Amino acid sequence: MPDTKILLEESEIPTHWYNVVADMPNKPAPPLGPDGNPVGPDKMLAIFPMSLLEQEMSGERWIPIPDEVREAYRMWRPSPLYRAHRLEKMLGTPAKIYYKYEGVSPAGSHKPNTAIPQAYYNKEAGIKRISTETGAGQWGCSMALAGRIFGLEVKVYMVKVSYDQKPFRRSMMPTWGAEVFASPTTMTQAGRDALAIDANSPGSLGIAISEAVEEAASRPDTNYALGSVLNHVCHHQTIIGLEAKKQFDKVGDYPDMVFAACGGGSNFAGAAFPFFADKAAGDKRAENLRLVAVEPTSCPTLTKGVYTYDFGDASGYTPLMQMYTLGHDFMPPGIHAGGLRYHGDSPLVSQLLHEGLIEAMAVPQLATFEAGVAFSQAEGIIPAPESCHAIRACIDEALRCKATGEPKTLFFNLSGHGHFDMASYDKYFAGELEDYEYPAEAVHAALEHLPKFG
């Protein structure tokens with residue numbers, strides 16, 4: 001019987017992160033200011049350390065991982081790669097299914113892969129506090145953990161609907177010493193403005209980002225940290241795919257398709273970008289490789305959004321980034337995959353999709369929970385609602401293989417466990433969840449407020 005767990009030694013933790021920019025056919029478009037002119041790193045020094053800005057602008061293929069970061073990674077890395085024998089049997093598919101399990105981190109998701117280095121570089125720059133946002137809570141928990149490891153204070157603006165839906169993940173943050181508030185708050189101008197429009201606002205990642213950026217910009221001892229979207233975040237997450245490639249080598253296998261959930265893009269980037277490197281290098285194994293980003297139909301950034309310049313936050317505090325967007329004032333519905341409720345997407349992921357080098361698909365909420373339950377009954381691990389999107393897409397492909405007889409090798413990133421999402425599962429079992437496809441007219445309305453310049 002082939003191995004179920006494919007493991008690496010701690011000495012095999014990668015020494016460098018991968019930067020996909022080095023292998024992109026076209027150089028990424030620069031961030032712009034409100035006047036339409038490119039924004040240099042000097043304009044962002046008020047909220048980021050220079051070390052991270054250098055990574056953000058870097059075109060180098062490999063970025064060294066500091067020893068202190070690799071040492072912290074040893075708390076849970078390398079994460080296991082599993083062969084999903086039981087799921088394969090349940091589906092009756094000739095496909096081989098593998099998944100990388102990032103839920104083994106102390107915070108229960110892939111987010112510490114970038115929270116740890118972001119805390120480290122800010123500490124090295126003399127910063128005392130971090131202001132950040134979180135959707136479903138995975139990022140806030142991870143930043144709280146990283147702040148504790150490197151001695152930084154952390155303040156988290158948590159999207160209100162998730163603050164209410166996910167109380168136990170919310171409780172993890174103060175356990176590690178962070179402060180957490182339901183966004184929008186009355187503590188920032190961005191929050192007050194949002195509440196003036198809707199006193200019962202459920203919040204959004206765009207609003208929470210605005211609040212965190214506003215606070216960071218107002219205090220010299222405070223920097224901002226973002227859990228997805230930006231280039232340096234995507235770089236840090238590539239440790240997932242880099243480890244997975246070593247693990248596939250150990251069993252002499254290689255994927256035909258890679259799936260990962262996509263909200264801001266770091267989950268997908270982490271799993272897929274290192275395999276894109278093989279495709280770009282002309283590796284025969286990757287000749288027909290398909291890389292698939294999976295998002296919810298209720299927040300269809302990649303599949304229904306427009307590829308253009310937009311702000312990364314609701315108030316326009318951030319530079320303009322060229323990306324797929326639903327409009328920076330997009331107000332997502334309160335679906336339970338809170339980590340995927342974002343109006344935009346990573347500029348790197350967006351450009352690769354725009355140029356036809358990766359794929360994107362959207363799946364509905366009920367089908368994702370159905371897939372998560374099937375997976376947990378076969379493999380034992382209860383996945384986070386975000387991860388269920390990748391599981392849904394992978395299961396659907398495995399069933400297509402069953403129909404055609406194709407023995408494909410399928411790989412997905414299981415980005416986190418669902419132990420603090422059981423209220424969502426309860427609602428699914430009670431029949432209280434419903435599918436929601438974001439209407440085209442609402443998308444068009446949000447896009448009418450895109451920034452205009454030039």
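Colleague: Why are helix 11 and helix 12 called oblique to each other?

Modeller: In this predicted model, the axes of helix 11, residues 239–250, and helix 12, residues 266–280, cross at roughly 60° and come within 6 Å. Angles under 35 degrees count as roughly parallel and those from 65 to 115 as roughly perpendicular, and helix 11 and helix 12 are therefore oblique to each other. Their crossing is right-handed.

Colleague: What makes the contact between helix 11 and helix 12?

Modeller: Helix 11 contributes I240, G241, L242, A244, K245 and F248, while helix 12 contributes G270, A271, P274, F275 and D278. By class, the contact of helix 11 with helix 12 has 7 nonpolar, 2 polar and 2 charged residues, where Gly is counted among the polar ones.

Colleague: What makes helix 15 roughly perpendicular to helix 17?

Modeller: Helix 15, residues 365–379, and helix 17, residues 422–429, pack at an angle of about 105°, with their axes 11 Å apart. The range for roughly perpendicular runs from 65 to 115 degrees, which is why helix 15 is described in that way relative to helix 17. In the contact, L366, F369, E370, G372 and V373 of helix 15 meet S424, Y425, Y428 and F429 of helix 17, and by class there are 6 nonpolar, 2 polar and 1 charged residues.

Colleague: How do you know which elements line the largest pocket?

Modeller: Lining residues have an atom within 4 Å of a point of the pocket. Helix 1 (50–57), helix 9 (205–218), helix 10 (231–237), strand 13 (320–325) and helix 14 (347–354) each supply at least two residues of the lining, and the largest share, 4 residues, comes from helix 1.

Colleague: What is the volume of the largest pocket, and which residues are the closest to its centre?

Modeller: The volume of the largest pocket is about 480 Å³. Of the 31 residues that line the largest pocket, P31, E56, M57, L230 and N231 are the closest to its centre. Sorted by class, the lining comprises 22 nonpolar, 7 polar and 2 charged residues.

Colleague: Where are the cis peptide bonds that involve P78 and P184?

Modeller: One joins R77 and P78, with omega about 0°, and P78 lies in the loop between helix 2 (67–73) and strand 4 (81–83). The other runs from S183 to P184, with omega near 15°, and P184 is found in the loop between strand 8 (179–183) and helix 8.

Colleague: What sets the phi of V229 apart?

Modeller: Most residues other than glycine have a negative phi. V229 is not a glycine, yet its phi is positive, at about 70°, and V229 is found in the loop between strand 9 (222–225) and helix 10.

Definitions and conventions. Residues are numbered from 1 along each chain as its sequence is written. This is a predicted model: local features need pLDDT of at least 70, side-chain atom pairs count only at pLDDT 80 or more; totals for chains, interfaces and linings use all residues. Side-chain values use heavy atoms; hydrogens and water are left out. On a 1 Å grid over the protein atoms alone, a cavity is a set of points where a 1.4 Å probe fits but cannot get out, and a pocket is an open set with protein on both sides within 12 Å along at least five of seven lines; lining residues have an atom within 4 Å of a point. Grid points are joined across faces, edges and corners, and a volume is the space filled by probe spheres set on the points. Axes are lines fitted to C-alpha atoms, for helices over the stretch in contact, and angles run from 0 to 180 degrees between N-to-C directions. Angles under 35 degrees count as roughly parallel, over 145 as roughly antiparallel, 65 to 115 as roughly perpendicular and the rest as oblique. A crossing is left-handed if the near helix is turned anticlockwise from the far one by less than a right angle, and right-handed if clockwise. Contact means heavy atoms within 4.5 Å.
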